[in-house]
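Subject: Structure handover and notes

Dear colleague,

I am passing on the structure we spoke about, and my notes on it follow below. Please read them with the model open beside you.

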Amino acid sequence: MKKGNIISSVIVMIIGIYVLVVCSGYPTAEAYGTGVPGPGLWPIAVAALMVVAAISLLIKAIRTKPEDDTPIAMWTEGTRRVYITMAALVVYVAVLGFLGFLLSTVVMLFGFIQWFAKKNPLITLLISVICTAAIYGVFKFLLNVPVDFGLFAI
């Protein structure tokens with residue numbers, strides 16, 4: 001587990017630093033003149049927390065004594081679900097630019113809710129549409145972040 005923690009902490013740290021660098025170029029609140037924080041606020045906050053958590057995990061992993069190191073199973077029923085979920089999120093991000101936020105997010109939420117909760121498909125569709133609309137509204141109208149892109153942009 002020590003080796004896995006070291007590897008994952010370094011990967012998360014690299015991703016967090018990348019996000020910090022990219023988002024530092026986003027417009028700030030002053031650019032909008034509306035007092036709205038701008039599109040970089042939350043990604044920067046989350047990326048900073050990712051880097052802090054990765055550093056913490058790295059320190060803990062380095063300090064782990066050999067006798068306290070426990071092996072982790074890489075291929076179990078639970079990890080298989082995690083790998084499939086990660087692959088689905090990669091596909092979601094890949095099609096997001098083409099299909100747009102609205103359609104991609106409704107489909108992704110519908111698929112995840114059905115897979116993890118196995119609810120009535122009509123209820124799942126309703127939940128997916130409502131959640132996507134709420135997220136869209138928050139980003140578009142409260143945070144002033146453009147989310148109208150892709151094939152089916154409104």
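Within α3, the residues Ala47, Val51, Ala54 and Ala61 are buried, where buried means under 20% relative accessible area, exposed means over 50%, and partly exposed lies in between (1.4 Å probe, protein chains only). The buried residues of α3 pack against α1, which covers residues 2-23; contact here means heavy atoms within 4.5 Å.

Before going further, a word on where the values come from: this is a predicted model, in which local features need pLDDT of at least 70 and side-chain atom pairs count only at pLDDT 80 or more, while totals for chains, interfaces and linings use all residues. Residues are numbered from 1 along each chain as its sequence is written, and side-chain values use heavy atoms, with hydrogens and water left out.

The overall build

The protein has 6 helices and 0 strands, and its pattern along the sequence reads α-α-α-α-α-α. Its C-alpha atoms fill a box of roughly 55 × 45 × 20 Å along the principal axes. The radius of gyration is 19 Å, whereas a compact globule of 154 residues would have one near 15 Å; this radius is taken over C-alpha atoms, and the globule rule is 2.2 Å times the number of residues to the power 0.38. Of the 154 residues, 21% count as buried, and among contacts with a separation of 6 or more, 59% are between residues 24 or more positions apart. The accessible surface comes to about 10,400 Å², of which 77% belongs to carbon and sulfur atoms; such areas come from the Shrake-Rupley method with a 1.4 Å probe, and for residues only the protein chains shown count as cover.

Methionine 13 lies in helix α1 and is buried, because its relative accessible area is 18%. Setting aside residues up to four places away in sequence, methionine 13 touches Val51, Ala54, Ile55 and Leu58. By contrast, the C-alpha atoms of methionine 13 and phenylalanine 110, which are 97 residues apart along the chain, are separated by 31 Å.

Threonine 124, in helix α6 (residues 121-142), is buried with a relative accessible area of 0%. Beyond its neighbours within four places in sequence, threonine 124 is in contact with Phe110, Ile113, Gln114 and Lys119. Lysine 118, in the loop between α5 (101-117) and α6, counts as exposed because its relative accessibility is 59%. The phi of lysine 118 is near 50°, a positive value in a residue other than glycine. Most residues other than glycine have a negative phi.

Salt bridges and a surface patch

The structure holds 2 salt bridges, each defined as a side-chain nitrogen of Lys or Arg within 4 Å of a carboxyl oxygen of Asp or Glu. In one, arginine 80 pairs with glutamate 77, with the closest N and O atoms 2.8 Å apart; both residues lie in helix α4, 3 residues apart, which is about one turn of the helix. In the other, aspartate 148 pairs with lysine 140, where the closest N and O atoms are 2.5 Å apart.

Finally, Met1, Ile72, Met74 and Trp75 make a nonpolar surface patch of about 480 Å². Patches are made of residues with over 30% relative accessible area and no salt bridge, with like charges joined within 9 Å and nonpolar side chains (Val, Leu, Ile, Met, Phe, Trp, Tyr) within 5 Å. Isoleucine 72 sits in the loop between α3 and α4 (77-99) and is partly exposed, with a relative accessible area of 43%.

Technical notes
Helices (H or I, at least four residues) and strands (E, at least two) are DSSP runs, numbered from the N terminus.
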